Amino acid sequence: MLAVSITGLPGVIADPNGPPASETGPDTALSGYPQPGEEGFGDPDVAQALTEAGRDAFAPLLVDTGLFAASDFETVVNEPSEQEVQDYAAEHAVGLEEAEEALTYVADNGEFAFGGHMRPGNYGQVQLRSYLASVRTGLDEDGSGGRVLLDVEALLPGGWTDEPGPTSEQYFPQHLIDDDAAAFDRIELDDGRVLYTADDGCEQRAAVMYPNGSGLRATWNGCDGGPEVDAERFAEAVEAMPETDFDTADLQGVEEVVDVPPGWLASDDSWRPWAEDGAQSTAVAAGEVLGGLVPGAVLFDPWVTPELDPADPVDEDAVALRRYAMNGTMPVGDDPDVPFDLVYTLPGGWVPGFGDADFTGPYLADGSRGDCTETEVEGGGTAYVAQTLVEHDADPEMGIEDPWFAGEYEVTVVDPDGWAVMVRFSFSDPDFALTAEELTAIVAALPAPVYDEDAEPVFGE
(Lines give C-alpha, C1' and ligand atoms only; values in the text may rest on other atoms or scores of the structure.)
Protein backbone atom coordinates (compact mmCIF):
# COMPACT_ATOMS: atom_id res chain seq x y z
CA MET A 1 0.00 0.00 0.00
CA LEU A 2 1.24 3.47 -0.86
CA ALA A 3 1.11 5.63 2.22
CA VAL A 4 2.86 8.59 3.79
CA SER A 5 2.82 10.16 7.20
CA ILE A 6 0.14 12.77 7.77
CA THR A 7 2.65 15.59 7.90
CA GLY A 8 4.05 14.63 4.50
CA LEU A 9 0.86 14.86 2.44
CA PRO A 10 0.13 18.13 0.62
CA GLY A 11 -3.28 19.45 1.56
CA VAL A 12 -3.40 17.91 5.04
CA ILE A 13 -3.70 20.62 7.64
CA ALA A 14 -2.93 20.37 11.33
CA ASP A 15 -5.91 22.22 12.78
CA PRO A 16 -5.41 24.06 16.08
CA ASN A 17 -9.07 25.19 16.20
CA GLY A 18 -10.88 22.11 14.90
CA PRO A 19 -12.65 19.35 16.79
CA PRO A 20 -10.19 17.98 19.36
CA ALA A 21 -9.20 14.35 19.61
CA SER A 22 -10.40 12.68 22.77
CA GLU A 23 -7.90 11.06 25.08
CA THR A 24 -8.91 7.63 23.81
CA GLY A 25 -10.54 8.33 20.42
CA PRO A 26 -9.24 9.30 17.00
CA ASP A 27 -8.52 12.80 15.73
CA THR A 28 -11.91 13.69 14.28
CA ALA A 29 -10.36 15.87 11.55
CA LEU A 30 -8.46 12.84 10.22
CA SER A 31 -11.36 10.42 10.49
CA GLY A 32 -14.28 9.24 8.42
CA TYR A 33 -16.96 6.64 7.88
CA PRO A 34 -17.28 3.42 5.85
CA GLN A 35 -19.76 2.96 3.04
CA PRO A 36 -23.24 2.55 4.58
CA GLY A 37 -24.32 -0.50 2.59
CA GLU A 38 -27.49 -1.00 0.61
CA GLU A 39 -29.65 0.84 3.13
CA GLY A 40 -27.76 4.07 2.44
CA PHE A 41 -27.01 6.81 4.94
CA GLY A 42 -29.50 9.02 6.71
CA ASP A 43 -31.78 8.87 9.74
CA PRO A 44 -35.32 10.03 8.79
CA ASP A 45 -35.91 11.47 12.26
CA VAL A 46 -32.70 13.52 12.13
CA ALA A 47 -33.52 14.67 8.60
CA GLN A 48 -37.02 15.73 9.66
CA ALA A 49 -35.74 17.67 12.69
CA LEU A 50 -33.20 19.49 10.51
CA THR A 51 -35.88 20.20 7.90
CA GLU A 52 -38.18 21.77 10.48
CA ALA A 53 -35.39 23.89 11.96
CA GLY A 54 -34.09 24.84 8.52
CA ARG A 55 -37.49 25.95 7.27
CA ASP A 56 -38.02 28.06 10.39
CA ALA A 57 -34.67 29.74 9.82
CA PHE A 58 -34.50 30.14 6.04
CA ALA A 59 -38.05 30.03 4.64
CA PRO A 60 -38.73 33.71 5.47
CA LEU A 61 -35.68 34.73 3.41
CA LEU A 62 -36.84 32.58 0.50
CA VAL A 63 -40.44 33.84 0.65
CA ASP A 64 -39.16 37.43 0.63
CA THR A 65 -37.63 36.85 -2.81
CA GLY A 66 -41.13 36.61 -4.27
CA LEU A 67 -40.23 33.29 -5.90
CA PHE A 68 -41.76 31.11 -3.20
CA ALA A 69 -44.87 30.93 -1.04
CA ALA A 70 -44.95 29.86 2.58
CA SER A 71 -46.90 26.75 1.53
CA ASP A 72 -43.90 25.62 -0.55
CA PHE A 73 -42.14 24.77 2.70
CA GLU A 74 -44.71 22.39 4.08
CA THR A 75 -44.61 18.60 4.02
CA VAL A 76 -47.91 17.10 2.87
CA VAL A 77 -48.68 13.75 4.51
CA ASN A 78 -51.38 11.47 3.11
CA GLU A 79 -53.62 10.73 6.08
CA PRO A 80 -56.23 8.06 5.29
CA SER A 81 -59.82 8.30 6.39
CA GLU A 82 -61.28 5.80 8.84
CA GLN A 83 -63.19 4.12 6.02
CA GLU A 84 -60.05 3.79 3.87
CA VAL A 85 -58.24 2.15 6.77
CA GLN A 86 -61.06 -0.32 7.31
CA ASP A 87 -61.29 -1.17 3.61
CA TYR A 88 -57.51 -1.73 3.37
CA ALA A 89 -57.50 -3.90 6.50
CA ALA A 90 -60.30 -6.07 5.13
CA GLU A 91 -58.73 -6.38 1.67
CA HIS A 92 -55.27 -7.32 2.94
CA ALA A 93 -56.31 -9.20 6.08
CA VAL A 94 -54.26 -7.00 8.41
CA GLY A 95 -55.01 -5.07 11.57
CA LEU A 96 -56.26 -1.49 11.58
CA GLU A 97 -52.98 -0.16 12.96
CA GLU A 98 -50.96 -1.84 10.20
CA ALA A 99 -53.44 -0.63 7.57
CA GLU A 100 -53.19 2.96 8.79
CA GLU A 101 -49.41 2.79 8.77
CA ALA A 102 -49.38 1.44 5.20
CA LEU A 103 -51.69 4.23 3.97
CA THR A 104 -49.88 7.06 5.77
CA TYR A 105 -47.03 8.43 3.69
CA VAL A 106 -45.40 11.66 2.58
CA ALA A 107 -47.24 12.81 -0.53
CA ASP A 108 -45.10 15.93 -1.06
CA ASN A 109 -41.92 16.66 0.88
CA GLY A 110 -42.02 20.33 -0.11
CA GLU A 111 -39.07 22.61 -0.76
CA PHE A 112 -35.93 22.58 1.35
CA ALA A 113 -35.96 19.07 2.82
CA PHE A 114 -32.79 17.58 4.31
CA GLY A 115 -31.51 14.17 3.29
CA GLY A 116 -28.43 12.07 4.01
CA HIS A 117 -25.40 13.03 1.93
CA MET A 118 -21.91 11.55 1.52
CA ARG A 119 -18.71 12.75 -0.08
CA PRO A 120 -15.28 11.10 -0.37
CA GLY A 121 -12.50 12.00 2.02
CA ASN A 122 -9.03 11.73 0.49
CA TYR A 123 -10.51 10.44 -2.77
CA GLY A 124 -12.55 7.77 -1.03
CA GLN A 125 -10.16 6.47 1.60
CA VAL A 126 -13.02 7.29 3.96
CA GLN A 127 -16.48 8.79 3.53
CA LEU A 128 -17.69 12.03 5.11
CA ARG A 129 -21.31 12.24 6.21
CA SER A 130 -23.73 15.13 6.33
CA TYR A 131 -27.35 16.13 5.74
CA LEU A 132 -28.00 18.46 2.80
CA ALA A 133 -30.93 20.64 1.76
CA SER A 134 -31.05 22.79 -1.38
CA VAL A 135 -33.44 25.18 -3.07
CA ARG A 136 -33.32 25.67 -6.85
CA THR A 137 -34.80 28.34 -9.07
CA GLY A 138 -35.51 28.34 -12.81
CA LEU A 139 -36.50 24.68 -12.94
CA ASP A 140 -37.76 23.13 -16.16
CA GLU A 141 -41.36 21.92 -16.39
CA ASP A 142 -40.27 18.41 -15.41
CA GLY A 143 -38.45 19.73 -12.33
CA SER A 144 -34.95 19.34 -13.73
CA GLY A 145 -32.20 21.87 -14.41
CA GLY A 146 -32.27 25.28 -12.81
CA ARG A 147 -29.66 26.71 -10.49
CA VAL A 148 -29.05 26.33 -6.77
CA LEU A 149 -30.06 29.45 -4.85
CA LEU A 150 -29.53 28.09 -1.34
CA ASP A 151 -27.47 25.18 0.02
CA VAL A 152 -27.45 24.26 3.71
CA GLU A 153 -25.37 21.33 4.93
CA ALA A 154 -25.18 19.91 8.45
CA LEU A 155 -21.94 17.98 8.85
CA LEU A 156 -21.29 15.08 11.18
CA PRO A 157 -17.95 15.16 13.00
CA GLY A 158 -15.16 13.54 11.03
CA GLY A 159 -13.01 14.40 8.04
CA TRP A 160 -13.19 18.18 8.04
CA THR A 161 -11.65 21.17 9.81
CA ASP A 162 -13.08 24.56 10.71
CA GLU A 163 -9.77 26.17 9.79
CA PRO A 164 -10.93 28.37 6.86
CA GLY A 165 -9.71 27.40 3.40
CA PRO A 166 -10.68 25.92 0.02
CA THR A 167 -13.68 23.59 0.27
CA SER A 168 -12.61 21.38 -2.64
CA GLU A 169 -12.67 17.61 -2.13
CA GLN A 170 -9.01 17.66 -3.17
CA TYR A 171 -8.13 18.46 0.45
CA PHE A 172 -8.23 16.16 3.46
CA PRO A 173 -9.40 17.05 5.98
CA GLN A 174 -11.82 19.26 4.08
CA HIS A 175 -12.46 22.87 5.07
CA LEU A 176 -15.77 23.96 6.55
CA ILE A 177 -15.75 27.38 4.86
CA ASP A 178 -13.58 29.30 2.39
CA ASP A 179 -12.25 32.63 3.65
CA ASP A 180 -11.58 33.90 0.12
CA ALA A 181 -14.21 36.66 0.25
CA ALA A 182 -14.48 40.44 0.14
CA ALA A 183 -15.29 40.39 3.86
CA PHE A 184 -14.64 37.46 6.21
CA ASP A 185 -15.32 37.29 9.94
CA ARG A 186 -14.96 34.76 12.76
CA ILE A 187 -17.19 35.35 15.80
CA GLU A 188 -17.03 33.38 19.05
CA LEU A 189 -20.57 33.15 20.43
CA ASP A 190 -21.38 33.09 24.13
CA ASP A 191 -22.65 29.48 24.09
CA GLY A 192 -19.37 28.02 22.78
CA ARG A 193 -20.28 28.06 19.10
CA VAL A 194 -18.14 29.78 16.49
CA LEU A 195 -19.82 31.64 13.61
CA TYR A 196 -18.03 32.34 10.32
CA THR A 197 -19.34 34.75 7.68
CA ALA A 198 -18.04 35.39 4.16
CA ASP A 199 -19.64 38.29 2.31
CA ASP A 200 -19.02 38.44 -1.44
CA GLY A 201 -21.91 40.73 -2.30
CA CYS A 202 -24.21 38.62 -4.43
CA GLU A 203 -22.91 35.44 -2.74
CA GLN A 204 -23.20 34.95 0.99
CA ARG A 205 -21.57 32.10 2.90
CA ALA A 206 -21.77 31.35 6.59
CA ALA A 207 -20.89 28.44 8.86
CA VAL A 208 -21.17 27.37 12.48
CA MET A 209 -18.85 25.17 14.50
CA TYR A 210 -20.69 23.52 17.40
CA PRO A 211 -19.20 22.46 20.75
CA ASN A 212 -19.98 18.79 20.06
CA GLY A 213 -17.68 18.77 17.00
CA SER A 214 -20.40 18.95 14.35
CA GLY A 215 -20.73 21.82 11.91
CA LEU A 216 -23.13 23.57 9.55
CA ARG A 217 -22.53 25.68 6.47
CA ALA A 218 -24.75 27.54 4.06
CA THR A 219 -24.37 29.36 0.75
CA TRP A 220 -26.77 31.80 -0.88
CA ASN A 221 -25.92 32.36 -4.55
CA GLY A 222 -27.68 35.48 -5.81
CA CYS A 223 -25.21 36.16 -8.62
CA ASP A 224 -26.00 36.26 -12.36
CA GLY A 225 -29.28 38.05 -11.84
CA GLY A 226 -30.55 35.91 -9.00
CA PRO A 227 -32.20 37.34 -5.89
CA GLU A 228 -29.68 38.56 -3.33
CA VAL A 229 -30.04 38.35 0.43
CA ASP A 230 -29.08 40.70 3.23
CA ALA A 231 -25.80 39.48 4.75
CA GLU A 232 -26.87 40.13 8.33
CA ARG A 233 -30.23 38.34 7.96
CA PHE A 234 -28.50 35.40 6.30
CA ALA A 235 -25.95 35.10 9.15
CA GLU A 236 -28.82 35.25 11.67
CA ALA A 237 -30.57 32.39 9.88
CA VAL A 238 -27.43 30.26 10.00
CA GLU A 239 -26.89 31.15 13.67
CA ALA A 240 -30.47 30.05 14.42
CA MET A 241 -29.77 26.46 13.37
CA PRO A 242 -29.51 24.28 16.51
CA GLU A 243 -26.73 21.87 17.40
CA THR A 244 -27.56 18.25 16.49
CA ASP A 245 -26.39 15.12 18.30
CA PHE A 246 -25.48 12.86 15.38
CA ASP A 247 -24.78 9.13 15.57
CA THR A 248 -20.99 8.83 15.16
CA ALA A 249 -20.63 5.19 16.21
CA ASP A 250 -19.06 4.29 12.84
CA LEU A 251 -16.47 7.09 12.94
CA GLN A 252 -12.95 5.71 12.53
CA GLY A 253 -9.57 7.38 12.50
CA VAL A 254 -7.18 7.24 9.54
CA GLU A 255 -3.87 5.92 10.82
CA GLU A 256 -2.03 6.68 7.60
CA VAL A 257 -3.35 8.93 4.85
CA VAL A 258 -2.89 7.25 1.47
CA ASP A 259 -0.73 9.35 -0.85
CA VAL A 260 -3.00 9.95 -3.84
CA PRO A 261 -1.90 11.95 -6.89
CA PRO A 262 -3.97 15.16 -6.99
CA GLY A 263 -7.35 14.67 -8.61
CA TRP A 264 -9.45 16.69 -11.01
CA LEU A 265 -12.27 19.04 -10.11
CA ALA A 266 -15.43 17.83 -11.84
CA SER A 267 -16.06 21.43 -12.87
CA ASP A 268 -12.59 21.82 -14.45
CA ASP A 269 -13.21 21.80 -18.21
CA SER A 270 -9.60 22.53 -19.17
CA TRP A 271 -9.52 19.21 -21.02
CA ARG A 272 -12.39 20.24 -23.26
CA PRO A 273 -10.12 21.07 -26.26
CA TRP A 274 -8.68 17.55 -26.47
CA ALA A 275 -10.88 15.14 -24.48
CA GLU A 276 -13.43 14.12 -27.11
CA ASP A 277 -10.83 13.87 -29.86
CA GLY A 278 -8.59 11.95 -27.46
CA ALA A 279 -11.34 9.50 -26.63
CA GLN A 280 -12.15 8.94 -30.30
CA SER A 281 -8.49 8.43 -31.25
CA THR A 282 -8.05 6.06 -28.31
CA ALA A 283 -11.09 4.02 -29.33
CA VAL A 284 -9.83 3.70 -32.90
CA ALA A 285 -6.38 2.54 -31.76
CA ALA A 286 -7.80 0.12 -29.17
CA GLY A 287 -10.28 -1.25 -31.71
CA GLU A 288 -7.48 -1.99 -34.18
CA VAL A 289 -5.49 -3.87 -31.54
CA LEU A 290 -8.55 -5.81 -30.36
CA GLY A 291 -9.48 -6.71 -33.92
CA GLY A 292 -5.98 -8.04 -34.49
CA LEU A 293 -5.97 -10.13 -31.32
CA VAL A 294 -9.58 -11.35 -31.61
CA PRO A 295 -10.86 -11.18 -35.19
CA GLY A 296 -14.42 -9.93 -35.16
CA ALA A 297 -14.06 -7.81 -32.02
CA VAL A 298 -15.46 -4.28 -32.39
CA LEU A 299 -15.65 -1.14 -30.27
CA PHE A 300 -18.48 1.37 -30.44
CA ASP A 301 -18.38 5.15 -30.07
CA PRO A 302 -16.67 6.26 -26.85
CA TRP A 303 -17.83 8.89 -24.39
CA VAL A 304 -16.02 11.05 -21.87
CA THR A 305 -16.63 11.10 -18.09
CA PRO A 306 -17.35 13.41 -16.46
CA GLU A 307 -19.52 14.80 -19.24
CA LEU A 308 -18.03 17.93 -20.78
CA ASP A 309 -21.41 19.67 -21.02
CA PRO A 310 -23.44 18.33 -18.10
CA ALA A 311 -27.18 18.89 -18.15
CA ASP A 312 -27.16 19.63 -14.42
CA PRO A 313 -24.80 22.04 -12.68
CA VAL A 314 -21.63 20.40 -11.34
CA ASP A 315 -20.62 20.71 -7.71
CA GLU A 316 -17.61 22.99 -7.96
CA ASP A 317 -15.99 21.28 -4.97
CA ALA A 318 -16.40 17.69 -6.21
CA VAL A 319 -13.58 15.70 -7.78
CA ALA A 320 -13.95 13.16 -10.57
CA LEU A 321 -11.81 10.66 -12.44
CA ARG A 322 -11.14 11.50 -16.07
CA ARG A 323 -12.14 8.56 -18.21
CA TYR A 324 -12.79 7.39 -21.75
CA ALA A 325 -15.61 4.84 -21.63
CA MET A 326 -16.79 2.60 -24.44
CA ASN A 327 -18.32 -0.79 -25.02
CA GLY A 328 -18.17 -3.39 -27.72
CA THR A 329 -18.67 -7.01 -28.65
CA MET A 330 -16.27 -9.89 -29.11
CA PRO A 331 -16.69 -13.45 -30.43
CA VAL A 332 -16.26 -15.95 -27.61
CA GLY A 333 -16.74 -19.63 -28.38
CA ASP A 334 -19.88 -20.10 -30.44
CA ASP A 335 -21.25 -16.66 -29.58
CA PRO A 336 -20.14 -14.05 -32.14
CA ASP A 337 -21.29 -10.98 -30.17
CA VAL A 338 -20.49 -11.13 -26.45
CA PRO A 339 -20.80 -7.61 -24.98
CA PHE A 340 -18.12 -6.06 -22.80
CA ASP A 341 -17.21 -2.71 -21.24
CA LEU A 342 -13.86 -0.99 -21.76
CA VAL A 343 -12.75 2.04 -19.73
CA TYR A 344 -9.50 4.02 -19.86
CA THR A 345 -8.70 6.02 -16.72
CA LEU A 346 -6.30 8.93 -17.11
CA PRO A 347 -3.76 9.86 -14.41
CA GLY A 348 -4.91 11.79 -11.35
CA GLY A 349 -7.00 11.09 -8.25
CA TRP A 350 -6.39 7.34 -7.81
CA VAL A 351 -3.77 4.76 -6.90
CA PRO A 352 -3.23 1.19 -8.16
CA GLY A 353 -4.68 -1.64 -6.14
CA PHE A 354 -7.91 -3.19 -4.89
CA GLY A 355 -10.21 -1.04 -2.82
CA ASP A 356 -11.67 -2.28 0.45
CA ALA A 357 -15.26 -3.47 0.21
CA ASP A 358 -16.26 -0.73 2.69
CA PHE A 359 -14.93 2.09 0.49
CA THR A 360 -15.03 3.22 -3.13
CA GLY A 361 -11.50 4.56 -3.41
CA PRO A 362 -8.85 5.73 -3.82
CA TYR A 363 -7.83 2.36 -5.28
CA LEU A 364 -8.88 1.92 -8.86
CA ALA A 365 -9.88 -1.77 -8.93
CA ASP A 366 -12.98 -2.98 -7.11
CA GLY A 367 -11.96 -5.34 -4.32
CA SER A 368 -15.53 -6.49 -3.71
CA ARG A 369 -15.94 -8.18 -7.10
CA GLY A 370 -15.16 -11.83 -6.33
CA ASP A 371 -11.69 -13.37 -6.11
CA CYS A 372 -8.96 -10.77 -6.57
CA THR A 373 -5.41 -11.36 -7.74
CA GLU A 374 -2.53 -9.11 -8.75
CA THR A 375 -0.01 -10.04 -11.41
CA GLU A 376 2.75 -8.42 -13.46
CA VAL A 377 2.18 -8.22 -17.21
CA GLU A 378 4.41 -7.70 -20.21
CA GLY A 379 5.62 -4.13 -20.58
CA GLY A 380 6.05 -3.46 -16.87
CA GLY A 381 2.39 -2.95 -16.01
CA THR A 382 0.37 -4.59 -13.26
CA ALA A 383 -2.95 -6.37 -13.74
CA TYR A 384 -5.63 -6.42 -11.07
CA VAL A 385 -7.95 -9.31 -11.85
CA ALA A 386 -11.31 -9.82 -10.14
CA GLN A 387 -13.40 -12.81 -11.13
CA THR A 388 -16.72 -14.11 -9.90
CA LEU A 389 -17.86 -17.65 -10.72
CA VAL A 390 -20.93 -18.58 -8.68
CA GLU A 391 -23.41 -21.44 -9.01
CA HIS A 392 -26.80 -20.40 -7.59
CA ASP A 393 -29.39 -22.87 -6.39
CA ALA A 394 -32.98 -22.85 -7.53
CA ASP A 395 -35.35 -20.81 -5.38
CA PRO A 396 -38.97 -21.71 -6.12
CA GLU A 397 -40.23 -19.21 -3.53
CA MET A 398 -38.65 -16.46 -5.64
CA GLY A 399 -39.93 -17.97 -8.89
CA ILE A 400 -36.50 -19.39 -9.86
CA GLU A 401 -37.14 -22.99 -10.80
CA ASP A 402 -33.68 -24.03 -11.98
CA PRO A 403 -30.09 -23.57 -10.77
CA TRP A 404 -28.27 -20.73 -12.49
CA PHE A 405 -24.74 -19.43 -12.95
CA ALA A 406 -23.29 -15.91 -12.68
CA GLY A 407 -19.83 -15.10 -13.94
CA GLU A 408 -17.86 -11.90 -14.29
CA TYR A 409 -14.30 -10.90 -15.16
CA GLU A 410 -13.02 -7.44 -14.41
CA VAL A 411 -9.40 -6.91 -15.45
CA THR A 412 -7.65 -3.60 -14.79
CA VAL A 413 -4.12 -3.07 -16.11
CA VAL A 414 -2.16 -0.14 -14.70
CA ASP A 415 0.63 1.19 -16.89
CA PRO A 416 3.90 2.56 -15.43
CA ASP A 417 3.06 5.92 -17.04
CA GLY A 418 0.09 6.31 -14.69
CA TRP A 419 -2.92 5.48 -16.87
CA ALA A 420 -5.08 2.36 -16.64
CA VAL A 421 -7.44 0.35 -18.81
CA MET A 422 -10.22 -1.95 -17.63
CA VAL A 423 -12.32 -4.57 -19.46
CA ARG A 424 -15.36 -6.22 -17.89
CA PHE A 425 -17.29 -9.27 -19.11
CA SER A 426 -20.45 -10.69 -17.54
CA PHE A 427 -21.68 -14.13 -18.57
CA SER A 428 -24.12 -16.87 -17.56
CA ASP A 429 -22.43 -19.91 -19.14
CA PRO A 430 -20.25 -21.91 -16.72
CA ASP A 431 -18.31 -23.12 -19.76
CA PHE A 432 -17.57 -19.58 -20.95
CA ALA A 433 -14.86 -19.99 -23.59
CA LEU A 434 -12.56 -17.29 -22.26
CA THR A 435 -10.43 -17.47 -19.15
CA ALA A 436 -9.43 -14.61 -16.88
CA GLU A 437 -5.81 -15.26 -17.86
CA GLU A 438 -6.61 -14.96 -21.57
CA LEU A 439 -8.53 -11.74 -20.99
CA THR A 440 -5.64 -10.34 -18.96
CA ALA A 441 -3.27 -10.90 -21.88
CA ILE A 442 -5.70 -9.08 -24.18
CA VAL A 443 -6.10 -6.10 -21.84
CA ALA A 444 -2.33 -5.85 -21.31
CA ALA A 445 -1.85 -5.52 -25.08
CA LEU A 446 -4.17 -2.52 -25.45
CA PRO A 447 -2.50 0.74 -26.49
CA ALA A 448 -2.00 3.86 -24.39
CA PRO A 449 -4.80 6.44 -24.39
CA VAL A 450 -4.38 9.71 -26.27
CA TYR A 451 -4.41 12.62 -23.81
CA ASP A 452 -2.52 15.74 -22.77
CA GLU A 453 0.25 14.33 -20.61
CA ASP A 454 1.25 17.83 -19.45
CA ALA A 455 -2.18 18.64 -17.99
CA GLU A 456 -2.21 19.23 -14.23
CA PRO A 457 -5.17 19.50 -11.85
CA VAL A 458 -6.42 22.93 -10.89
CA PHE A 459 -6.64 23.24 -7.10
CA GLY A 460 -9.37 25.12 -5.31
CA GLU A 461 -7.85 28.20 -3.73
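Biologist: Which residue does the disulfide join to Cys 202?
Modeller: A disulfide is a covalent bond between the sulfur atoms of two cysteines. In this model a pair of cysteine sulfur atoms counts as one when they are within 2.5 Å. Cys 202 meets that rule with an S to S distance of 2.0 Å, and its partner is Cys 223.

Biologist: What pLDDT do local features need?
Modeller: Residues are numbered from 1 along each chain as its sequence is written, and side-chain values use heavy atoms, with hydrogens and water left out. This is a predicted model: totals for chains, interfaces and linings use all residues, side-chain atom pairs count only at pLDDT 80 or more, and local features need pLDDT of at least 70.

Biologist: What is the angle about the S-S bond of Cys 202 and Cys 223?
Modeller: By the distance rule, the count comes to one disulfide. The link of Cys 202 and Cys 223 is right-handed, and the angle about its S-S bond is 80°.

Biologist: How many residues apart are Cys 202 and Cys 223?
Modeller: Helices (H or I, at least four residues) and strands (E, at least two) are DSSP runs, numbered from the N terminus. Cys 202 sits in the loop between strand 10 (194–200) and strand 11 (203–209). Cys 223 belongs to the loop between strand 12 (215–221) and helix 4 (231–239), so the pair links distant parts of the chain, with a separation of 21 residues.

Biologist: Is Cys 223 buried or exposed?
Modeller: Buried means under 20% relative accessible area, exposed over 50%, and partly exposed in between, with a 1.4 Å probe and protein chains only. Cys 202 has 23% and so counts as partly exposed. At 17%, Cys 223 falls under the cut-off, so Cys 223 is buried.

Biologist: Which residue forms a salt bridge with Arg 119?
Modeller: A salt bridge needs a side-chain nitrogen of Lys or Arg within 4 Å of a carboxyl oxygen of Asp or Glu. For Arg 119, the closest N and O atoms are 2.7 Å apart, and the partner is Glu 153.

Biologist: Why does the pair of Arg 119 and Glu 153 tie together separate parts, and how many residues apart are they in sequence?
Modeller: Arg 119 is buried at 10% relative accessible area, and Glu 153 is buried at 5%. Arg 119 lies in strand 4 (residues 115–121) and Glu 153 in strand 6 (residues 147–155), so the bridge joins parts whose separation in sequence is 34 residues.

Biologist: What is the N to O distance between Arg 193 and Asp 191?
Modeller: Arg 193 is buried at 13% relative accessibility, whereas Asp 191 is partly exposed at 46%. Their side chains meet in a salt bridge, with an N to O distance of 2.8 Å.

Biologist: Which strand holds Arg 424?
Modeller: The side chains of Glu 410 and Arg 424 meet in a salt bridge at 2.8 Å, N to O. Glu 410 is in strand 24 (residues 404–414), 14 residues apart from Arg 424, which is in strand 25 (residues 420–427).
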